[in-house]
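Trainee: Before we look at anything in detail, could you take me through the reading of a few structural features, one after another?

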Amino acid sequence: ATSTSSRQRRLNYGLGVEWKSTVGTKLEAGLGIDQRLAGTTTDSTTGTTSNITHSGDFGLSLTQPLLKDAWSTGAATPLQEAAIDSAIQREIFRDQLNSLIVEIDSAYWQLAFAQGDLATKMRSRDRAKGQFDDTAENIRRGIVADAEIYVVEENLVFFKQELIRAKEHLRLAQRKLLRLLNLKGIKTIKASSALDGFTSNIPPQQTALKTGLKQNPEIRLQRLR
């Protein structure tokens, strides 16, 4: 004897893979399985036999959006954004590098000025000391009054104080340049360029303005942003 059950069972499952390029090209592949469990037939003598049917499908698709101006607009936006971000970082680096170069250049000429100022203050101190010594000798000989010594002594004290300040300015200028150049283990540094006869090669105003508008990293940075 046989009997047939009207009970139905169905199972669906699948697998899909998708790949997309930076310019919008999309490749898709998918596999789907539809497994239907039909009614079962039961035999009291031999047992139960199930009638199972399967159906499946496999799909593959390749799509490319229609882009204005070929591949450079629309789907290529991530590439353009990455290129702009890279250019922005380069301009930020150029701006920081330029600022460092300007700071080092300024510190160098501050050192050169401090050296020249120290030499000037030393000559002034020496002249004041010579005047003091000459006045003291003239007082000893009775040529000038004793009160004259106070004038040249005050002058000598003044130039000694100026010399102390010049030495301090020189030490500060040396430390600043050493710090900017990151020269560890060196305690003193000297500028080799003399201020005497120094001429600055400054370009014409229109040339400087044109170059600045074209190459200034801050302006280029704002344009990219």
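Predicted model: local features only at pLDDT ≥ 70, side-chain atom pairs only at ≥ 80, totals over all residues.

Trainee: Which residues form the nonpolar patch on the surface, and how much accessible area do they have together?

Mentor: The patch is formed by L15, W19, L27, L31, F58, L60 and L62, which together have about 820 Å² of accessible area.

Trainee: How should I read the packing of helix α3 against helix α4, and at what angle do their axes cross?

Mentor: In general, two packed helices are described by the angle between their axes and the distance between the axes. Here the axes of α3 (residues 205-215) and α4 (residues 217-224) come within 6 Å and cross at roughly 40°, and the two helices are therefore oblique to each other. On the α3 side G212, L213, K214 and Q215 take part, meeting P217, I219, R220 and R223 of α4, and the residues of this contact divide into 3 nonpolar, 2 polar and 3 charged.

Trainee: What links the side chains of K129 and D133, and how far apart are these residues in helix α1?

Mentor: As a general idea, side chains of opposite charge can pair when their charged atoms come close. K129 and D133 meet in a salt bridge, with 3.3 Å from N to O; because they are 4 residues apart in helix α1 (residues 77-141), about one helical turn separates them. The count for the model comes to 9 salt bridges.

Methods. Residues numbered from 1 in each chain as written. Heavy atoms only, no water. Axes fitted to C-alpha atoms, helices over the stretch in contact; angles between N-to-C directions. Parallel < 35°, antiparallel > 145°, perpendicular 65-115°, else oblique. Contact = heavy atoms within 4.5 Å. Nonpolar A, V, L, I, M, F, W, Y, C, P; charged D, E, K, R; others polar. Patch = residues over 30% accessible without salt bridge, like charges linked within 9 Å, V, L, I, M, F, W, Y side chains within 5 Å. Areas by Shrake-Rupley, 256 points an atom, 1.4 Å probe, with all protein chains shown as cover. Salt bridge = Lys/Arg side-chain N within 4 Å of Asp/Glu carboxyl O.
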